[in-house]
Amino acid sequence: MAALVIAEHDNRALKPATLNAVAAADEIAAGEIDILVAGKDCRAVAEAAAKIPGARKVLLADDPAYDHGLAENLAPLIVRLAANYSHLLATATTSGKNLMPRVAALLDVMQISDISAVVSPDTFVRPIYAGNALATVQSKDPVKVITVRGTAFPPVEAEGGNAPVEPVAPTDAAGLSEFVGAELSKSERPELTSARIVISGGRGMQSGDNFHLLEKVADRLGAAVGASRAAVDAGFVPNDYQVGQTGKIVAPELYIAVGISGAIQHLAGMKDSKVIVAINKDEEAPIFQIADYGLVGDLFKILPELADELERRQ
Amino acid sequence: MKALVAVKRVIDYNVKIRVKADKTGVETANVKMSMNPFDEIAVEEALRLREAGIVSEIIAVSLGVAQCQETIRTALAMGADRGVLVQTDVELQPLAVAKLLKAVILQENPELVIIGKQAIDDDCNQTGQMLSALLGWPQATFASKVKISDGHAEVTREVDGGLETVSIKLPAVITTDLRLNEPRYASLPNIMRAKKKPIVTTTPEALGVDVTPRLTVVKVEEPPKREGGRKVGSVAELVDKLKTEARVI
């Protein structure tokens with residue numbers, strides 16, 4: 001048994017979610033985990049991946065065709081490498097979700113999406129129905145193609161190993177798709193899916209401008225800022241803020257939900273947080289049923305007060 | 001050009017699901033069923049492309065039990081032109097769905113396939129990507145904006161870091177994200193009209209596709225319950241609890 005983990009990166013740095021995927025691979029094929037770094041001018045990423053203690057070797061596919069992670073170009077490469085592996089794993093992020101089903105179909109196997117636990121090398125737990133049920137599924141396919149829910153697997157160490165980096169020959173570009181451009185959000189704050197504390201706003205925030213009230217609290221706590229679907233749909237904040245069934249899944253030490261009623265689709269993205277705080281003026285809001293600490297009241301009074309209190313007691 | 005949309009029958013998104021006592025699955029008897037919300041967005045996008053003069057005909061395909069016919073009728077009431085039902089009682093997994101859709105597509109020859117990025121029941125997020133792989137077509141997943149011109153689709157995609165735009169050659173598969181559009185409601189006259197629109201029924205056997213499930217469901221369970229519901233009276237008390245009781249700040 002051997003596993004290949006597809007590294008997520010931006011050609012410069014390894015994305016931390018890769019460490020969660022390696023953690024899942026570790027439960028399946030410890031000692032026989034290779035990491036694929038496919039990109040353009042991405043040797044630095046391969047060198048970073050080589051430091052992961054669990055890695056046996058790092059495969060480096062450096063080619064212009066892999067520059068922007070286009071699935072049409074990457075899938076044939078992974079399919080070619082698949083013969084050496086019993087398991088192929090990637091993170092259940094937008095890039096892994098985009099790529100891996102294409103790989104699975106070309107291999108004629110079913111993908112096991114978004115696993116939250118490894119029962120055995122062919123049996124996995126995965127959330128269904130927005131996390132309102134957990135399915136244990138067994139795969140009969142010769143190769144298991146898997147995406148990993150990062151929050152369910154604590155990351156492995158990033159440093160300490162010294163795996164060899166082996167170049168692999170690229171496949172031809174498929175010529176089907178082209179990268180045009182990207183508008184990526186820039187933020188000084190921690191990344192939403194790996195932050196220790198997350199504070200999210202919902203429809204109750206009433207406008208994008210009011211999010212500065214949340215940001216003030218976030219700055220005091222070193223927190224990431226998220227949002228409910230309602231807040232994103234209303235245009236208060238960009239799409240990459242969305243926490244929920246079809247947005248980002250987070251499980252921080254502390255999650256503070258502000259002006260969020262608690263639709264099941266939102267709960268799906270945050271209910272595995274260690275401690276949940278809810279701030280809402282409607283005391284009947286469903287969010288309070290799962291909150292460890294609920295505070296009923298006007299968020300426009302509470303948020304400034306919270307920022308002051310945190311500053312005072314720091 | 002012809003467009004094909006795939007529409008899945010799922011438990012309505014407002015229903016609080018119940019896990020069966022014998023742990024074999026989720027209770028679907030006497031539960032309200034609806035079209036997967038992401039597939040409604042797919043139908044709406046195809047309609048808008050037809051209204052813009054780009055798409056000439058919209059075929060709505062659903063796969064599964066006989067009642068999937070109702071889901072196709074919903075798509076027809078929204079404005080799709082005709083339907084194809086691939087009828088089977090076998091539980092269809094995404095790889096099987098992709099193979100069946102491929103078989104239908106080889107008969108219908110659409111230049112554009114639009115489907116939801118994920119179904120809200122199994123939350124798999126696989127079918128569109130698998131379908132485009134099997135067809136050897138490009139894919140644009142998680143679309144929030146679609147522009148079609150000169151045999152290409154320029155698609156803005158919702159990705160973890162923000163937005164990304166790709167250009168793909170047609171024919172292609174596009175999967176929809178939440179903010180692509182807001183689906184219309186079917187009006188009563190259109191619901192009546194939809195009853196007369198044709199639906200062709202076929203089967204996996206007729207299409208020559210083996211749909212045997214590859215994943216066996218060992219069990220389905222409820223997730224651990226959270227013990228919530230405690231309230232605090234003030235901001236000071238909240239900060240106190242977080243510092244001394246929960247110890248997270």
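**A covered helix and its surroundings**

Guide: Helix 3 of chain A, residues 71–81, is mostly covered, with nine of its 11 residues buried. A residue is buried if 20 or more other C-beta atoms lie within 10 Å of its own, exposed if 12 or fewer, and partly exposed in between, with C-beta atoms placed from the backbone. Helices (H or I, at least four residues) and strands (E, at least two) are DSSP runs, numbered from the N terminus.

Visitor: Which residues in helix 3 of chain A are buried?
Guide: They are A71(A), E72(A), N73(A), L74(A), A75(A), P76(A), L77(A), I78(A) and L81(A).

Visitor: What kind of model is this?
Guide: This is a predicted model, in which local features need pLDDT of at least 70, side-chain atom pairs count only at pLDDT 80 or more, and totals for chains, interfaces and linings use all residues. Residues are numbered from 1 along each chain as its sequence is written, while chains are lettered from A and ligands numbered from 1 in the order in which they are written.

Visitor: And what scores does the model have?
Guide: The model scores ipTM 0.96 and pTM 0.96. For chain B, the average pLDDT is 97, and 100% of the residues score at least 70; pLDDT is the predictor's confidence in each residue, from 0 to 100.

Visitor: Back to chain A: how many helices and strands are there?
Guide: Chain A has nine helices and 16 strands. Of its 314 residues, 60% are buried, and its C-alpha trace spans about 60 × 40 × 40 Å along the principal axes.

Visitor: What radius of gyration would a compact globule of 314 residues have?
Guide: It would be near 20 Å, and chain A agrees with this at 21 Å. The radius is taken over C-alpha atoms, and the globule rule is 2.2 Å times the number of residues to the power 0.38.

Visitor: How about chain B: how many helices and strands there?
Guide: Chain B has seven helices and 12 strands. Its C-alpha atoms fill a box of roughly 65 × 45 × 40 Å along the principal axes, and 48% of its 249 residues are buried.

Visitor: Where do helix 9 of chain A and helix 7 of chain B meet?
Guide: I302(A), E305(A), L306(A), E309(A) and L310(A) meet V235(B), A236(B) and V239(B). Contact here means that the C-beta atoms of two residues, placed from the backbone, lie within 7 Å.

Visitor: At what angle do those two helices pack?
Guide: Helix 9 (residues 299–312) of chain A and helix 7 (residues 235–244) of chain B pack at about 50°, with their axes 9 Å apart. That makes helix 9 of chain A oblique to helix 7 of chain B. Axes are lines fitted to C-alpha atoms, for helices over the stretch in contact, and angles run from 0 to 180 degrees between N-to-C directions; under 35 degrees counts as roughly parallel, over 145 as roughly antiparallel, 65 to 115 as roughly perpendicular and the rest as oblique.

Visitor: New topic: why is F142(B) classed as buried?
Guide: F142(B) is buried because 29 other C-beta atoms lie within 10 Å. F142(B) sits in strand 7 (residues 139–149) of chain B. Beyond residues up to four places away in sequence, F142(B) touches several residues, including T94(A), K117(B) and R157(B).

Visitor: And N190(B), what is its class?
Guide: N190(B) counts as partly exposed, with 14 C-beta neighbours inside 10 Å. N190(B) lies in helix 5 (residues 188–194) of chain B. Leaving aside neighbours within four places in sequence, N190(B) is in contact with A77(B) and G79(B).
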